[in-house]
Amino acid sequence: MKASLSWLNEYTPVKLDPVKLVQALTMVGLEVDSVTDRFLHLKTVLAGQILEVKPHPKADRLTLCLVDIGQARIQVVCGAPNVISGILAPVALPGTLLDGETPLEKSTIRGEVSEGMLCSEKELGLGPDGSGILILSQGLTPGMPLTEALNLSDYTLDVDLTPNRPDCLSIIGIAREIAAAQKTLLTLPEIGCAELPDSAIKAKTSVTIQAPDHCPRYAARIIENITVAPSPYWLQDRLLSVGLRPINNIVDITNYVMMETGQPLHAFDFDLLSENRIVVRTAFQGETFQTLDNKDHTLADDMLMICDGQRPVAIAGVMGGLNSEIKGNTRRVLLESACFSPTSVRKTAKRLGINTDASHRFERGVDPEGTVFAMNRAALMMAEVCSGTLVEGFIDAHPGKKQIKAIELGIADTNRILGTSIHGDAAQTLLESIGFQVSMKTPDKMEVLPPSFRVDIHRPIDLMEEIARLYGYDHIPTTFPRISPQSMKPETHRLWRNRIKTLMTGLGFSEAVNYSFVESRTSDFLNLPLKDVRRKSVKILNPLSEDQTEMRTMVLPGLLKNMHRNLSQQVNDLKLFEIAKVFINHDPLDLPEEIEVLTGLWTGSRNPPSWHDHRTLCDFYDMKGAVEGLFSALHLTRAGFKKIPKEDCVYIRPGYSATIEIGQRVVGLMGELHPSVLKNYSLKQTAYIFEINLGALYPLIPETTEAILLPKYPWVQRDFTLIVDQQLESLEILENILRLKEPLVETVHLFDMFEGKQIPPGKKSISFRIRYRSENRTLADEEINSVHKAIADKIISTFNAALPT
């Protein structure tokens with residue numbers, strides 16, 4: 001919200017200098033982003049005395065002027081008819097931004113050098129007269145800056161408002177805050193037509209509100225015999241001072257009053273309204289409408305429209321239509337001043353992609369009692385500026401009138417929460433300074449009636465906030481919370497989470513952080529069955545965009561989008577992980593289940609590029625090794641991997657996937673992405689992923705670790721090779737060996753597997769290596785051979801295996 005000091009001075013005298021004013025506004029909650037001098041661009045415009053005027057040798061209508069600018073004498077080519085020797089006039093030097101964009105340059109005009117420009121008041125933005133140069137007072141010194149000569153200074157404040165302060169989206173609103181800070185009076189513009197009868201206007205038009213939930217109030221007036229023309233200079237200057245472009249006197253007046261009061265207005269060409277009446281209704285589904293910016297919009301049935309007797313003429317609170325636009329031949333105007341539902345306007349503006357000054361104010365809430373005041377203010381200005389005639393009376397349809405409720409506030413409670421010692425009369429004075437009505441019921445209790453323009457005040461705590469900011473946050477003493485000397489034990493899960501992040505980074509993965517929202521097609525992209533619990537997502541009622549319509553039930557989609565984005569930037573080698581919560585909506589009437597999940601993704605090279613190593617693509621076992629490395633660092637020693645049946649592989653490739661188990665408990669899965677998933681996400685290279693349920697993993701992580709002495713005696717290794725069924729998993733054999741609980745067995749691992757012509761069909765050869773060691777003696781070969789044979793025989797018997805021939 002922009003406000004110029006000259007405009008603010010119309011309602012309260014601004015006594016503070018700009019620096020102190022900015023500080024005062026910031027301390028009451030109105031942060032000022034910037035302060036600019038409207039006339040800063042005129043610093044390079046000087047008062048120059050014209051010493052000599054002679055005709056241009058090559059142009060009849062131009063003259064050559066010798067101008068004294070104090071430190072030098074320059075030649076200026078001028079075409080103004082009133083230039084004569086001896087007068088003082090403003091001279092714009094090279095570099096001056098007269099139009100705000102293009103700097104003035106030294107030029108050659110018809111062969112003669114012009115080192116500046118003699119300016120009219122219109123060219124300087126100081127008035128409407130552009131017929132000749134501006135003649136200055138003779139008492140000025142040549143070379144004096146024009147801003148100093150004419151005492152030109154008007155600062156514009158750019159105030160950054162929070163959404164709960166729509167009352168300050170107006171010059172009067174900001175002036176009210178300044179008056180409260182300075183303890184000066186606020187003077188509002190006077191209007192004298194609020195009590196006119198409405199019989200005359202009812203004979204000419206009517207207003208019907210068919211959607212009172214969307215439009216609780218709609219007021220209208222008619223002005224006849226108006227003349228559409230450019231606005232007078234003072235009106236244009238006011239709009240320019242706050243960054244608005246003048247259009248014509250009718251539109252400029254509606255914008256002026258909107259900036260002044262915060263109430264958006266709209267003017268219709270009354271003669272273009274079918275049946276000369278207004279109907280406020282919601283749109284028909286699929287109805288089309290062309291707005292003032294020449295764009296066509298398709299409407300939904302919950303969008304509020306302003307219509308005449310046959311068709312829509314404006315999108316309520318957002319933008320008017322071309323079919324009722326004010327034009328040069330407009331003679332009668334219907335002036336609209338309404339109060340629309342903030343939710344209705346916000347949804348409509350967002351869905352149509354339209355953002356206007358009017359919608360910005362309606363979305364935050366306008367003063368429901370200020371509609372008639374603003375309308376009458378604008379109507380009187382139109383009658384004066386546009387030479388119009390007011391039709392007697394006005395229409396005020398008000399089906400949704402609500403009574404403002406008084407709020408009871410306790411002084412002791414206020415001081416307790418704020419940490420202050422403010423007396424009741426002081427609190428009353430502070431609230432009354434910004435328009436609140438206060439009556440003291442007891443020395444400790446007051447009843448406060450908020451003004452209608454403060455649509456954000458509903459509770460006692462809101463009043464306490466008002467008292468705090470008006471009292472001054474810098475006047476509230478600083479206190480510190482009482483801290484117990486007892487230290488709290490850190491949350492175990494948080495410690496493990498941070499530990500896992502550190503370990504994953506050490507394994508070469510980069511952490512990703514994605515939104516918790518995904519698009520509705522995510523479950524389809526991942527081929528999830530219709531009955532899969534991960535299809536039970538939480539829908540977002542007011543999504544930020546089409547690809548953020550529901551809360552995620554898996555972390556994987558975010559990483560896949562990260563992969564797509566990186567591949568599009570030629571980053572083909574990627575190792576990512578993310579720890580985040582997913583949300584399963586088991587019961588729509590209850591809160592969703594929140595599950596913390598660790599998900600990793602690996603695509604591209606196995607190792608970073610290097611001169612001594614050829615590029616090798618990562619595979620299933622690389623990702624398996626990363627998971628094993630993580631578990632090893634967490635001291636999880638009973639981790640295993642089991643093949644996932646083909647029918648359960650929905651988003652991972654069958655035969656290249658496995659469940660992740662610790663002991664007998666499944667904590668996740670890993671594998672290669674399914675080709676159809678790669679296609680759905682437009683990924684041109686494969687990737688390997690893992691998912692681990694951290695809620696299931698955390699309880700399995702040992703809180704303490706045990707240390708053992710280094711072995712004193714050497715180990716002995718023995719191998720054996722078996723021919724087994726092709727579908728048998730090596731993990732089953734490993735687990736079976738460990739379940740024998742042979743005390744001399746230290747480790748067992750698979751070191752070779754072979755399938756080929758030498759092996760019978762449907763079979764495979766697998767080789768295991770067992771390390772034996774005793775804690776108290778050196779093992780003899782005879783003893784080891786006996787134990788090893790017993791283990792091999794047991795495995796052969798259990799799995800119907802055979803020895804190679």
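Which residues line the largest cavity? The lining is made up of V518, T522, S523, R534, S537, E550, M551, R552, T553, M554 and P557. Two elements each give two or more residues to it, namely α16 (522–525) and β28 (550–551). Helices here are DSSP runs of H or I with at least four residues, strands are E runs of at least two, and both are numbered from the N terminus. A cavity is a set of points on a 1 Å grid over the protein atoms alone where a 1.4 Å probe fits but cannot get out, and lining residues have an atom within 4 Å of a point.

Before going further, a word on the model: it is predicted, with local features needing pLDDT of at least 70 and side-chain atom pairs counting only at pLDDT 80 or more, while totals for chains, interfaces and linings use all residues. Numbering runs from 1 along each chain as its sequence is written, and side-chain values use heavy atoms, with hydrogens and water left out.

Back to the cavity. A search of the whole structure turns up 1 cavity of 30 Å³ or more, and the largest cavity holds about 40 Å³ of space. Its lining splits into 4 nonpolar, 4 polar and 3 charged residues (Ala, Val, Leu, Ile, Met, Phe, Trp, Tyr, Cys and Pro count as nonpolar, Asp, Glu, Lys and Arg as charged, the others, Gly among them, as polar).

Helix α18 spans residues 620–633. Its 14 residues reach 20 Å from first C-alpha to last, close to the 20 Å expected at 1.5 Å a residue (the expected span being 1.5 Å times one less than the number of residues). The buried residues of α18 are F620, D622, M623, A626, V627, L630 and F631, where buried means under 20% relative accessible area, exposed over 50% and partly exposed in between, with a 1.4 Å probe and protein chains only. Just after α18, H635 takes a positive phi of about 65 degrees.

Helix α7 (residues 233–241) buries L235, D237, R238, L239 and S241. The cover over these buried residues includes β1 (2–4), α1 (5–8), β10 (155–160) and α8 (249–261). Just after α7, G243 has a positive phi of about 85 degrees.

N225, in the loop between β12 (217–224) and α7, has a phi of about 60 degrees. N800, in the segment after α22 (781–799), has a phi near 55 degrees and is exposed, with a relative accessible area of 64%.

Technical notes. 1 Å grid on protein atoms, 1.4 Å probe; cavity = no way out; pocket = protein on both sides within 12 Å on 5 of 7 lines; lining within 4 Å. Points joined across faces, edges and corners; volume = space filled by probe spheres on them. Contact = heavy atoms within 4.5 Å.
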